[in-house]
Amino acid sequence: MYYVPDGTTIAGYYECKSCHERFLDVRVAPKLVCPYCGTEPDMELGPDDEMPEVIEDAELIETVEGEDVEKYDTLLSLAITGGDYSWI
């Protein structure tokens, strides 16, 4: 699968409020850092560094379970690959 590993039984379906991308993630939480426009903060701080701000723009639309995980992953992947079925 494209967004989540094979055999995933539960996933979160998210939409980013900044870049409007939709994606699946194995983590299910109310908000996540967008993998497209967001950056995970580097928590290795030096003595003069400030604590990085975590911006979680991706909001959970719904929790996808069972067979629907593979269906959502396939449909979202087709949007990314431009309808190229050869990778399946």
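A polar contact is a pair of N or O atoms within 3.5 Å; within protein, one atom must be able to donate a hydrogen and the other to accept it, and residues adjacent in sequence count only if both atoms are side-chain atoms. Such a contact, of 3.3 Å, joins the side chains of E15 and R22. The model is predicted, so local features need pLDDT of at least 70 and side-chain atom pairs count only at pLDDT 80 or more, while totals for chains, interfaces and linings use all residues. Residues are numbered from 1 along each chain as its sequence is written, and side-chain values use heavy atoms, with hydrogens and water left out.

E15 lies in strand β1, which covers residues 10–16. Strands (E, at least two residues) and helices (H or I, at least four) are DSSP runs, numbered from the N terminus. E15 is buried, at a relative accessible area of 16%. Buried means under 20% relative accessible area, exposed means over 50%, and partly exposed is in between (1.4 Å probe, protein chains only). Residues up to four places away in sequence are left out of the contact list for E15. With these set aside, E15 touches H20, E21, R22, D57, A58, E59 and I61. Contact here means heavy atoms within 4.5 Å. The C-alpha atoms of E15 and L32 are separated by 9.6 Å. These two residues are 17 residues apart along the chain.

The strands come next. An open sheet of 4 strands has the order β2-β1-β4-β3. The pairing is antiparallel. The edge strands are β2 (22–25) and β3 (31–32), and each pairs on one side only. Two strands pair if DSSP finds at least two bridges between them. Strands β1 and β2 run antiparallel and are joined by 4 bridges. G12 stands opposite D25 in β2.

The structure holds 3 salt bridges. A salt bridge is a side-chain nitrogen of Lys or Arg within 4 Å of a carboxyl oxygen of Asp or Glu. R22 and E15 form one of them, with an N to O distance of 3.3 Å. R22 is partly exposed, at 39% relative accessibility, whereas E15 is buried at 16%. R27 and D25 form another salt bridge, and their closest N and O atoms are 3.1 Å apart. Here R27 is partly exposed at 43% relative accessibility, while D25 is buried at 13%. K31 and E59 also form a salt bridge, with the closest N and O atoms 3.8 Å apart. This pair links distant parts of the chain, since K31 is in strand β3 and E59 is in strand β4 (residues 58–65), 28 residues apart. K31 is partly exposed, at 39% relative accessibility. E59 is partly exposed too, at 29%.

The structure holds 0 disulfides. C19 is in no disulfide, and the nearest cysteine sulfur, that of C16, is 3.7 Å away. A disulfide is a pair of cysteine sulfur atoms within 2.5 Å. C34 is in no disulfide either; its nearest cysteine sulfur, that of C16, is 3.7 Å away. C19 is partly exposed, with a relative accessible area of 28%. C34, in contrast, is buried at 1% relative accessibility.
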